[in-house]
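Please have the sequence and the model open while reading.

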Amino acid sequence: MAAKGNGLLWLLIIIAVVSLKANAFFVGMTLVEDAVAKGAVCLDGSPPAYHLDRGSGAGINNWIVHIEGGGWCNNITTCLARKSTRLGSSSHMVKDIAFSGILGNKKSLNPDFYNWNRVKVRYCDGASFTGDIEKVDPDLNLHFRGARIFRAVIDDLLAKGMSKAENAILSGCSAGGLTTILHCDNFRALIPTGAKVKCLADAGYFINTLDVSGAAHIENYYNEVVTLQGSANNLPSYCTSRTKPSLCFFPQNVIQQIRTPIFLLNAAYDSWQIKNILAPGVADPHGYWHSCKLDIKNCNPSQIETMQGFRQDFLRALQGVDRDPARGMFINSCYAHCQSEMQETWLRSDSPLLDKTPIAKAVADWFYDRHPFVQIDCPYPCDSTCHNRVFEPSEGSSS
């Protein structure tokens, strides 16, 4: 049985690799060396980085700037651990990464954006590009400079042609999706006045809700991130002027005031949020949620009921977002996290649908003003088009 299991695992790996090669291509890394002099550096002091695939033809003056995800660090211990990884140092990043989904370069797989300039900005500050503390403890050598990184990278891209942009999208996944929400208006202000500029936040709508033990785990966690990294001055002032700065790390407290058109792409049962906000390890010491978090099919009726309650909290956090006709939403009822970067969820014959529309078409129709798109799915398990995540046992523990 073990041999058969191993054989199946290797078959799945081979299929995944073949699929990746068929639907993705690799793009080299650019280091923003002159950012170091501005103090715009990763946690370890190394220069920030991005990957750029140049546009062509009619897309030569169009830009997608997509921000990488990767969580946050909330104290000295977690930031020290992070700085020796790709999420804290460009020295630990692989030099070539795969582009697919919204970053793809094939018309058949990404029909509206394939010939744009497509950029993936690497994430190495641990606070969704909001931190900025000048002083660096020489014993720790931790640099909290995410806000400077964001500006330095955008300035570098402007110098490489984005200053002539006719169309531009700031997008991002997970912590990068949160970056997109928090920096959407900042991005608009840096792009030429005549350009069409919009934002796409994928899996970045993290909500402020209690965990299964009744504790405010994520609220306390975000407070630690914002306090440690000195993020308050780089969060929207219309929010920080009326409430605790760390609460302005939650999209629900800033989304209504964002002036730039924004599209929210999110699963109502976002797998990261279920694992880390609803049922983090600290709230589940006996592992009651472990199997459920690995695969939603493993969840018992009581757990599904709790997750339905999370969905209701998520939808309440979205109330009023659709009052602005310039905004869009694709909120499906999948157990998923980040759906714009992977070809299987962005655009494929079996990709997720809402109103019979795949994500790629919904986003493009909204961006080009072909028609609005605001759709919220029915509750789980009604949606047969979902690509629900299944995690390995080692991935079941939560931060």
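How far apart are the sulfur atoms of C239 and C248 in their disulfide? They lie 2.0 Å apart. This is a predicted model, in which local features need pLDDT of at least 70, side-chain atom pairs count only at pLDDT 80 or more, and totals for chains, interfaces and linings use all residues. Residues are numbered from 1 along each chain as its sequence is written, and side-chain values use heavy atoms, with hydrogens and water left out.

**Disulfides**

- The structure contains eight disulfides, a disulfide being a pair of cysteine sulfur atoms within 2.5 Å.
- The link of C239 and C248 is left-handed, with -90° about the S-S bond.
- C239 and C248 are both buried, where buried means under 20% relative accessible area, exposed over 50%, and partly exposed in between (1.4 Å probe, protein chains only).
- Another of the disulfides pairs C184 with C199, with 2.2 Å between the sulfur atoms.
- This pair links distant parts of the chain, as C184 sits in helix α4 (residues 175-190) and C199 in strand β7 (residues 196-202), 15 residues apart.
- Helices (H or I, at least four residues) and strands (E, at least two) are DSSP runs, numbered from the N terminus.
- The torsion about the S-S bond of C184 and C199 is about 100°, so this disulfide is right-handed.
- C184 is buried, as is C199.
- C378 and C382 are also joined by a disulfide, S to S 1.9 Å, and their link is right-handed, with 100° about the S-S bond.
- C378 is partly exposed, at a relative accessible area of 37%, and C382 is partly exposed, also at 37%.

**Second largest pocket**

- The second largest pocket holds about 340 Å³ of space.
- On a 1 Å grid over the protein atoms alone, a pocket is an open set of points where a 1.4 Å probe fits, with protein on both sides within 12 Å along at least five of seven lines; lining residues have an atom within 4 Å of a point.
- Grid points are joined across faces, edges and corners, and the volume is the space filled by probe spheres set on the points.
- Its lining has 20 residues, and L182, H183, D185, N186 and N234 lie nearest the centre of the pocket.
- Helix α4 gives the largest share of this lining, eight residues, while α3 (146-159), α4 and α6 (237-240) each supply at least two.
- By class, the lining has 12 nonpolar residues (Ala, Val, Leu, Ile, Met, Phe, Trp, Tyr, Cys and Pro), three charged (Asp, Glu, Lys and Arg) and five polar (the others, Gly among them).
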